[in-house]
Each structure stands twice: as C-alpha cells, then as structure tokens.
Amino acid sequence: MSTLAQDGLRKRVRETDLAAEEEPLIEAGIASDEKEVKIEAKRQLDAERRWEFVIQIIIPAVLTITSIWTHCYKIGWSDIVVWDEAHFGKFASHYINRDFYFDVHPPLGKILLGMSGIIAQYNGSFAFESGAKYPTELNYPVMRIFCALFGAFTVPVAYYTALGMRLSSAAAVLIAVMTLTDIAFLAISRFILLDSMLLFFTTTSALCLVKFREYQKLDPFSFEWWFWLAFSGLSLGTVLSVKWVGLFAIALVGLHTVEDLWEMLGDLKMPPRTYINHWLARIVFLILVPASVYIFSFWLHFEILNRSGPGDAQMSSLFQANLIGNDFHENPLQVAYGSKVTLKNNGRGGGLLHSHVQRFPTGSEQQQVTCYHHKDANNEWTITKPWNSPEPERPDEIEFLKNGDVIRLVHIQTGRNLHSHVVKAPITSSENEVSCYGNATIGDQNDHWKVEIYEDVAAKDIDIVRSLTTRFRLRHVMTGCLLRSHAVNLPQWGFKQAEVICQKRGDNSSINNIWNIEQHWNDKLPPGGKGLYKRRFWNDFIDLNVAMWSSNNALTPDPDKEPDNLVSQPWQWPLLLVGLRMCGWGDDAVKFFLLGHPLIWWGSAVSLVVFLGLMLFYGVRSQRQCKDWTDDEWDDFWFAGKVGFGGWFLHYLPFWIMGRVTYLHHYFPALYFGILCLGFILDHATKRFSSRVQAILLSLATVAMIAVYLYFADFAFGFTGPARNYAARQWLKTWRFYD
C-alpha cells in the first residue's frame, strides 16, 4: 500500500473515531434541550396555574372582603327609620308576631327580613313609623347588615359573570368595582329593604345563565351542566319570589333557552332522544323549579302568618275564618232578616261592599258605593224587607233569608239604601251605576235586590243563606242587572277603592258577580262555633296573587307626592336626571341621597348605544363578506351583548308600559345589566391593543370609577350639616340635592 493510501486510511479511521466520540455528546445536547423545554413548559404551566388561582380565588376574595366592609361601614350611624324601612320593617314585625298582613310583593324577601329580626333578637313590638328613633333594645344594625350582605355578594357574582362572558380579567375587575362603587346600589343595600335581595338574585340568575351556556358548549349533561341548570331554576324562583320584576330575568333566560333549542333543532347530528332530553331538562329546571320555589314561598307565608292581622280583608272569608284571633266562629250560621252583615265579593282579590258619605262627582251624584279591602264600620249593612212589605204577625219571630227573596240592604252608618238605576257607572260607563239613596222612609223600587244562591261550599241544602259558605248573586229587581265588583279602581275622589257596578248582561257564573256574608251579627241567633270552615291552599294562593296584581295596578301616579321628589319617570333614569332624598333633610339629621354614580350611569347608557352601532357595523361588514370573526368569537360577542343589552332592555322597557307609579330604584336591575354592557364594550374596544396595554387602560377606568365614588360616597354613608355644603356635587340642577 502506498504511503498516500495509508495516510488516507488513517485519516478515515480518525474521522470515524471522532464521529463516534461526538455522537454521545450530540445526544446529550439534544436531551439537555428537551429537558430545558420541559422545564420551561412546566414553569409556564405553573405560572398559568398561579395566575388562574389569582383570577379565580384571590381577586374575588379581595373584592368580597372589600365589598362586605364597604356595605357595612357606619351602617348603624343613623338611628332612625329611614325611607321604606317604615314598610318593610313592619313586615318583618308581622312575621315575628305571625299576624297576617297584605303587600303587593311576593313574600320571600319579607320572610328573610323576618329572619333578620329573629337573628337580631327583635321581639316584633316596634311600630317602624317613618323617622322614628329605634329603641335601644332593637338591634337594627344587625337587620341592616343582613340586607347589606346580599348587596355585598353581588360584587363577586358580577366578577364571575364577567369572566363567564369571556371578558378579560381586567374587565371583570372593572365590572365588579362598578357594581361595588355605584352610590345608589350601595345606599339602598344598607337599609332594611328588599332591593339588595332583588339585586343579588338578579345577579345570580345572570351568572347561572353564562355558566350554563359555558357547559352547554363544552360538556352537555355533565355534572357541572346539571348543577348550573338547577341553580338557574333556584335563582329564577327566588328573584321572582322577592319581586315580580324577577319575571324580566325569567324572560332573559327564557329567550336564550328558546334560541338554544332552536339552534339544536338544526343540528342533524344530534339524536332525537338527546334533543328531547334537552327539552325535558329545561322544562323541569327552568319552569317547574322556579314555579315550585314561588309557590313554596306562599305556602311558607300562610303557615307563618296564622293569626288575624291588618291584611285579613284582602283574603277570602274562609281563609280569614281559619286565622287565630278571628271572630268569624261567632257568626250565627244562618242569616236572618234584621241581621247586620258585611258582604264579601268573591272575585280574586275582592273587597267588602262599602259606602261613605262622599258622593259621585258625575252621574246621579248620589252617595258612593265601592269595594274596600280593609275592615271598616262603613262596610256594615242591615238586611231588611223590601218597601211596602206587610208587617209580620209575630215581630219577634225569626225569618231566615232564603233563595229567591227580595231584600233591601241598608247602610248602617248613613241609613241609606243600596240602589241602582239606569245611570252610567263612573268608570265602566257601559254598565249601570250603584249608589246609596234615601233613608228609612224615602226610597223606591230601585232599592230592591233579589237573592240568587249560586252554591254552598259546606252544605247540601242551598235554600237558606249561611254565613261564609253560601255564595250568591244580588240581582237588581227593576233592571235585571247583577251587583258586581271588579279590578277597576276609582280615581282619587273615590279613594282609589274598587268600582261597584250593576252589570246589565250579567254572567251568572262570574265570580265577580258572586258574594258571600263575611261577618254576621244577630243577637237573636246563637254563634256558629269553630271547626265549620275549611280553606284550600290553591284558592288562597290565587286570591292573594290576584289581590297583589290589583293593588299593583292601583298604584297610579299621585300628584300629591310630586313635591317630595319621590316619583320619577323611566326616561329620566338612564341619564341620571334625578336623585331621591331618603330621609328628613334637616341640618342636624343624618342624611342619605339616592343618586347613581355619574360615570357608571352615563357610561352604561352610552355603551348601550355603542353596542347597537357595533351590531350594525359588523352586520354590514358581514354582508360584504368581511371575515372579522371566527364562529366562536362571534358567538361569544353576540352572547355577551345579549346578556348586557338584552338584560337591560327587558328590565327597563316594561316600565314605559306600566301605568303604575315609578321610582328611581325600579331602574336598578336594568342598571346592573347596563354595567355588564359597559364593561363588555370597554373590553371589546381595548382588545386591539396588547394584553398589557389593555389591562392598563381598563385599570385606569377602574381608578376613575373609584375616584368618583370617593367623591360621592357620603351620599351613601350619610352626612350631617347643611346639604348646601355639598353643593359642588350637584352636577345637574335636576338632582335637587339642596334647596
């Protein structure tokens, strides 16, 4: 072999040896790189977990603690009955004393107020007169704190709701801070009222909606899916059981559910059985569960309030007969001529036949006849024979009232006869007027009424009229019309009492044309005794709900309240054109002014308009085939807008339609959704920037909210001295903060 060949061979051998030596080193380097990648991935995962822990636990914990402290700060400073504590404090007393009362709102929130009184060891003896000083033995701060906690917990709920809407953590903090720092939210949550409970259950209903939608997309029929669906039903039931405004939250969830089911109907990959299961689950948890919670609150209401109280007259005679302390068992069983009676209309929420000395301003201008829902001497009538009846052969003989008898009803307080004639009724002008006319010697055939027994709920013999159980019609003999009361209220000249008419073409089976004897006095007859009268829950449930509806409709604007600046109009609310003085305004008094946070109220109003503009803008771009979104991004945007704008719209628009009187606090549930919309719009507007810049911008907005809150905070916490000292805070003249 030549020297050159040998040298080449040695060179190849050395290269091979070197390569062999380098292989382990290369492999070791690759392994080292992979290890570093794994370590870096683990670090990132740990950082993400730590950040997730901060987002899900630390931030809401800080918000909750801050919210509790803020809501409870100086809560007992004012030691007088403030604003509507005069009403709701009384209701708490009724639950503690167990005496029946009537109110236009469902009972759950007021039952909780009664519970707060028990926690405070309140004995139910305080009258809660407006402006009265709390007695030293009444631990009213505890009752206020109980309500304030509901307001405090709306803050973390708002935070989690924002995260569920796929907003950034900075936007979620902003929304929570706005919920915390709104002066109106804070002020109204610190007193013995229902509004903090209403707001809390409204916020939980919105949270359940966004969380359920999350699991509907990720894992239908999972445990979490069932949990949030069930919690949705409970939240909707509770918000409805506090105030009927909860119907608007039900509408929001209901509309989303309909849309959801409609979209699933178009999913051809979904088996029919699965689709039916989606329907059944929603029927059970979004219809039956809320209805059950609502009904249960009334069952609890009836079970607790088992004593006779100021609200008895709103309920049926049989319901009242079962209340402890009621004297209906002293009623003589059978009704006779010469008996003194009160007559109860059987219409839902029907009142007692009533008259008073005031006259109708139109028509016959005779003495008014109405139906009144409270016990009063003006409800009492005497059953007498018609005009020109022959004198009885034996005056002391008792003659019972029978089916088909013609009678006169004499109003005891004024001595006038129940009367009807062919004169238009004051409101329902298509029917005949009912009035009181004449006296013991002056009268005519228009005072005559025929008794027509409809049924007896306790006896088979329906020939004789019995107290409480016999239901009958009163037909006007001369014209054939039927005595009727219905859910139509007279104007202020009739004291907002229910109209009584004589219906020309009377429906014989209409409950509004049917009456019963409620109270009955006759010294010649023995008392009926206890245990004769049975009540039915469903009848009581329907009666009370109809009475609530009728009373709500009777809450029409009253010009007498305008000077107090209590009443406001829906168009004034989004622009924060009004505030409300919650108590006396003397210089020495601790004063509270119900006023919204200007940046929040005005900002939310602007955000609603911006959202509509964005929908139009993106709609046009979509029509032009511009692809601004992925399907998931558009779905999240549309859903967040539905919750914010849709929730606001559903909670606000009905107040334009209602005929009842409206106040500033009626806007608060709508405002909450306005806050969600504002946070959503700000988050959307800052997404074009980096996450760090977005966080900085949203944090600056949060700081601005806190700064304005601190400037107006005394309005919620209370202040003393002349209101004019705060004149600089009256940014709008319409706030009327000082005279």
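Me: How far apart do the centres of the positive and negative side chains lie in the protein chain?

Reply: Keep in mind that this is a predicted model. The chain carries 67 positive side chains and 73 negative ones.

Me: What radius of gyration does the protein chain have, next to that of a compact globule of 739 residues?

Reply: The C-alpha trace spans about 165 × 70 × 55 Å along its principal axes. A compact globule of 739 residues would come in near 27 Å. The protein chain has a radius of gyration of 35 Å.

Me: What share of the contacts with a separation of 6 or more is between residues 24 or more positions apart?

Reply: Some background: the chain has 18 helices and 14 strands, and 52% of its 739 residues are buried, meaning under 20% relative accessible area. Now take the contacts with a separation of 6 or more; the share from residues 24 or more positions apart is 74%.

Me: Which element has the lowest mean pLDDT?

Reply: The chain averages a pLDDT of 91, and 94% of the residues score at least 70. At the top among the elements is helix H4 (residues 140–164), with a mean of 98. Over residues 1–11 pLDDT stays under 50, and the model has 1 contact beyond four places in sequence for them. The lowest mean, 72, belongs to helix H1 (residues 3–72).

Methods. Residues are numbered from 1 along each chain as its sequence is written. This is a predicted model: local features need pLDDT of at least 70, side-chain atom pairs count only at pLDDT 80 or more; totals for chains, interfaces and linings use all residues. Side-chain values use heavy atoms; hydrogens and water are left out. Helices (H or I, at least four residues) and strands (E, at least two) are DSSP runs, numbered from the N terminus. The radius of gyration is taken over C-alpha atoms; the globule rule is 2.2 Å times the number of residues to the power 0.38. Buried means under 20% relative accessible area, exposed over 50%, partly exposed in between (1.4 Å probe, protein chains only). Contact means heavy atoms within 4.5 Å. Lys and Arg count as positive and Asp and Glu as negative; His and the chain ends are not counted. The place of a charge is taken as NZ of Lys, CZ of Arg, CG of Asp or CD of Glu. pLDDT is the predictor's confidence in each residue, from 0 to 100.
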